[in-house]
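I set aside this page for what I looked up in the structure, one entry per topic.

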Amino acid sequence: MESERSLVKELLSSYEKNRKNLIIILRELQEKQGYLSTEALLEVSEYLGLSSSEVFGIATFYKKFRTRPIGYFPTTVCLGTACYLAGGKLVLEAFERELEIKEGEITEDKVFSLSSAACFGCCTQAPVVNVKGKIYPKLTAAKVEEVIINLKNDLPKD
Amino acid sequence: MIYQKIKEEAILEWNELVYSHKPRVLVGTATCGVAVGAEEVIASMELKIQEKNLQVDVIRVGCLGVCYTEPLVIIFKEGNPPIAYGKITPDNAGKLVSKYFIDDDPCFDLALGTLELREDGTGYIPELERMDKEERIVLKLSGLIDPENINHYIAFNGYEALNKALHMERGLLIKEIKDSKLRGLGGAGFPTAIKMEATYKAQETERYIICNADEGDPGAFMDRVVLESCPHQVIEGIVISAYTVGSKNGYIYTRMEYPLAITRLKKAIMQAREKGFLGKNILGSGYDFDLEVVTGAGAFVCGESSALTASIEGRRPMPRVRPPRSTEVGLFGKPTLINNVKTFACIPAIVNQGSKWFASLGTDKSKGTAVFSLAGKVEKPGLVEVVMGTTLREVIYTFGGGVKGDKKLKGVQIGGPSGGCIPAEFIDTPIDFDSLKSLGSMMGSGGLIVLDDNTCMVDIAKYFLFFLKDESCGKCSFCRVGLSQMFFILENISRGEANPEDIDTLYSLAEDVQEGSLCGLGKTAANPILTTIKYFREEYQAHVGEKICPALVCRDLMHYYIIPEKCYRGCEHCVLKCSAKAISTSEKGWKIVDQEKCTKCGNCLEVCPIEYSAVVTKPGKCPINQ
C-alpha cells in the first residue's frame with residue numbers, strides 16, 4: 001500500500017496543479033497501476049484541489065477508466081456494428097463460458113479479465129478481439145477455446 | 001528555412017529511394033493490416049533478406065483502402081512494373097523474397113495486379129476494378145508513402161499549401177474555402193467557411209483550434225486510416241486553418257482505442273516542428289502555432305463539440321445549451337474552431353488546387369468527396385472515397401463487390417448510431433448530406449454497413465440502443481430515461497413477449513427523445529428506431545404477432561436443427577464443440593439437438609463442415625424435442 005501511495009505521489013508531482021491535467025493523470029495512473037484504486041483517486045482529488053465526487057465522477061463516466069484491477073491478459077471483445085453483426089456477442093459469451101467469468105470481471109488466478117468495447121476500427125476483420133494489445137482477426141466463437149489454451153501456454157512460468 | 005529548400009531536400013531523398021537500383025517493398029501497416037499479421041510478414045521478409053544478404057528497402061506504409069486484401073505488399077523492382085500482392089502470409093512472404101529477388105520469379109500466383117502510378121503520387125491497381133474509379137482527395141497518398149517520414153509527404157507537394165496560405169490574406173483564404181463550398185465531413189455537414197469566419201471575427205484574440213478525431217461511431221474507421229496513413233495532410237490542414245482564424249494553440253482529440261494513430265500523429269507533429277511547419281515563426285512568416293495530441297477516455301458523446309471541449313478541460317463531457325456556439329465560447333471559454341479529421345485533410349488540396357476545382361466535384365449542395373468505411377456483409381470491405389452524389393448502388397456493387405456470398409441486399413446502415421437503416425429500394429439515391437437526411441438517416445462520419453437477409457432489423461435497432469443508452473451523458477431526461485425504456489421494449493419484442501401496441505409506443509417514444517434532447521447524440525439517437533420501423537415495420541410485426549424472427553437472429557425466436565439427411569454419420573464436430581452438451585447421436589447415427597439444454601451459442605453451426613452444412617437455424621420459439 002505504501003509503495004502504491006508513493007507511486008501516485010511521484011506521478012502527481014510531475015503535473016501542474018491544473019484540472020486540465022485530471023484526465024491525463026487518470027490515464028497515466030491507470031497505465032501504471034492497471035486500474036484506478038479508491039486510494040489513488042482520493043490522492044488525485046487532494047492534489048488538484050477538486051472534490052472527491054468530481055474525480056470519481058470523471059473516473060466512472062469515461063468507458064476506458066476502470067476501478068477494478070485487470071488480469072495479465074486483458075481481453076476486450078469488440079462489439080462494434082460490424083463485429084456485432086458477425087457474431088461478436090457470441091464470441092463474448094464464449095469467453096464468459098470458457099473463463100467462467102462475466103464481462104467486467106477477472107479470473108480468480110488474475111490471468112484473464114474480460115470487457116467489451118465499441119469498435120477498434122478493424123471492421124473489415126470482424127469479429128475481432130483484443131488481448132493484451134494484440135488483435136485477433138475473424139475470431140469466431142468456436143475458436144475461443146483454442147485461443148485461451150494458447151494464451152495460457154504463453155504465460156510466463158513464474 | 002524557406003519552403004523551397006525543404007522541398008528540394010525532400011525530393012532528393014524521395015528520388016534517391018525511387019531511382020535507386022535497390023528493390024523496395026511497401027507493406028501496409030495500418031491497424032487493420034497489423035491485425036492480420038503485417039508485422040509478422042515484415043519480420044519474415046527481413047529475416048530472408050538478411051539470410052540471403054540482399055539489398056532491399058522495406059517500408060511500412062499506411063492503408064491503401066482495399067482492406068480485404070490485407071496483409072498487402074507492393075514490390076518495386078527495376079525493370080518490372082510495381083506488383084501488388086494480397087493476403088500474404090509470413091510463410092509465402094519469405095518465399096516471395098527469395099523467388100523474386102534471387103530467381104527473378106515475380107510469383108504471379110500471389111499477385112493481385114500491377115500498381116499504376118499517376119504523376120501526382122496517387123496510384124491504383126487496375127485489376128481490383130475499384131481504385132481507378134475513386135476520386136481521392138483525403139486518401140490521396142494513403143498506402144503509398146511512409147506516414148512516419150515527413151519528406152515522403154513533402155515530396156508530393158506536402159506543406160506547399162501552407163507556404164502559399166501564409167502569404168495570403170486571411171479574408172481571401174476564408175473566401176477560398178467559402179467558394180469551395182466545403183462542408184464539415186464529421187457528419188452534420190455544416191459549411192466550414194461559416195465556422196471559420198465566425199471564429200476569425202470573434203472579439204477575443206485568444207482562439208483555439210481542435211481537430212475532432214474522436215471517431216466514436218462503431219463501424220467507422222476512416223479517420224483512423226487517415227491518421228495512420230498520412231498524418232501530415234491533417235496537420236497541414238490544421239495549421240492552415242489555424243492561421244486563417246488566427247489561433248496560436250491547437251489540439252487533436254483522439255480516441256484511446258487508436259494507439260497506432262496516436263503514435264504516428266505524435267511523431268508527425270515532432271517532425272513538423274523540426275521542419276518549421278509548427279512552432280514559432282512558421283516558415284519565416286512571423287506566425288506562431290503549436291499543436292498537441294489529447295487522448296480521450298472513451299465517451300461517444302465527446303463527438304459533440306461542447307462535450308469535447310469540456311473533456312479537454314478535464315471535465316465531464318456534458319453538452320451545453322447552444323448558442324453561444326463554440327466559435328464564440330469554446331475551449332476555456334475562448335472562440336474555438338472544431339473540425340473533423342477529413343475536413344482538415346481537404347484543406348491543403350483546396351488551397352493548392354483552388355476552390356473552383358473542389359466545387360466542380362459533387363452535387364449542387366454537397367461538394368468534394370465522401371469517404372466511406374465499407375463493412376458488414378459485403379464482399380470487399382475497406383475504405384472508399386467517391387465524389388458526393390455517387391449512388392449507394394455504385395458504392396456497394398462497383399466498389400464493394402456486392403453483397404457477401406451473393407445474398408440479397410436488405411439495406412444499408414449508414415452514419416452509425418446517429419444514422420439510420422436505408423432499405424434496398426433506395427439504393428439508387430445519390431449520397432450527399434441532404435438526400436440521406438431526407439431518408440431519415442444522415443451522412444454521419446461515413447460508416448457504411450451492408451445488411452443482407454440474415455440481418456434482423458429489430459436486432460440492429462436493439463444493438464444501437466444498447467450502445468446509446470450507455471453512452472447518454474444523462475443530462476436530458478428524455479435521452480437518459482427514454483433510451484433505456486426503448487431498449488426494454490425492444491428486448492421484449494426480440495423475445496416475442498411484446499404487445500401489438502408496443503411498436504407504436506416505441507415509435508412515439510423515439511419521436512419524443514428526438515424532440516426533448518439537447519445535443520446531437522439524443523437528437524439523432526432515435527434514427528435507428530424510426531428508420532427501421534418506417535421501412536421494416538412488417539419485421540417488427542412478425543416478432544410481435546407471429547413470434548418469429550424472419551432473419552433467424554433473435555435467439556429466443558429461433559432454434560438450431562440438424563438435418564438428418566445431411567448429417568454425416570461419422571463426424572463428431574458439433575458434439576465435441578457443443579458448449580451445453582446438448583447434442584447427442586441418435587440410434588440411427590445422425591445428431592440431434594436437445595432443445596431444452598441448448599443455450600444457442602452457435603458453435604454447432606460454425607463447426608459443421610461446409611460440405612455437409614447439416615446444421616441450420618429454424619424459426620420458432622422453443623420447439624418440442626423430436
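**Chain B as a whole.** I began with the secondary structure of chain B, which comes to 23 helices and 20 strands; helices (H or I, at least four residues) and strands (E, at least two) are DSSP runs, numbered from the N terminus. The radius of gyration of chain B, taken over C-alpha atoms, is 27 Å, close to the 25 Å that the globule rule gives for 626 residues, so chain B is as compact as a globular protein of that length. I noted that the globule rule is 2.2 Å times the number of residues to the power 0.38. The C-alpha trace of chain B spans about 85 × 70 × 40 Å along its principal axes.

**How I read the model.** This is a predicted model, in which local features need pLDDT of at least 70 and side-chain atom pairs count only at pLDDT 80 or more, while totals for chains, interfaces and linings use all residues. Residues are numbered from 1 along each chain as its sequence is written, and chains are lettered from A and ligands numbered from 1 in the order in which they are written.

A nonpolar core is a set of buried Ala, Val, Leu, Ile, Met, Phe, Trp, Tyr and Cys residues joined through C-beta atoms within 7 Å. The largest such core has 251 residues, and A:Leu26, A:Val91, A:Val128, B:Val226 and B:Met486 touch the most other members. Helix H17 (residues 457-471) of chain B gives the largest share of this core, 9 residues.

**Contacts.** Two residues are in contact if their C-beta atoms, placed from the backbone, lie within 7 Å. Leaving aside neighbours within four places in sequence, I listed the contacts of B:Val226, among them B:Val138, B:Val234 and B:Ala345. Of the contacts in chain B with a separation of 6 or more, 72% are between residues 24 or more positions apart.

**Where the chains meet.** How many residues of chain B are in contact with chain A? I found 39 residues of chain B in contact with 39 residues of chain A. Among the elements that give two or more residues to this side of chain B are helix H2 (31-35), strand S16 (447-452) and H17 of chain B.

**A parallel sheet in chain B.** The order in this open sheet of 4 strands is S10-S9-S8-S11 (chain B), with parallel pairing; two strands pair if DSSP finds at least two bridges between them. Strand S10 (290-295) and strand S11 (336-340) of chain B stand at the edges, each with a single partner strand, so one side of each is left without a neighbour in the sheet. Strand S9 (residues 249-254) of chain B pairs with S10(B) over 6 bridges, and the bridge partner of B:Thr254 in S10(B) is B:Thr295.

**A hairpin.** S14(B) and S15(B) form a hairpin with 5 residues between them, and B:Gly415 in the turn has a positive phi of about 85°. The two strands run antiparallel and are joined by 4 bridges, with B:Ile414 opposite B:Gly420 in S15(B).

**A mixed sheet in chain A.** Last, I looked up the open sheet of 4 strands with the order S2-S1-S3-S4 (chain A), where the pairing is mixed.

Technical notes
A residue is buried if 20 or more other C-beta atoms lie within 10 Å of its own, exposed if 12 or fewer, and partly exposed in between; C-beta atoms are placed from the backbone.
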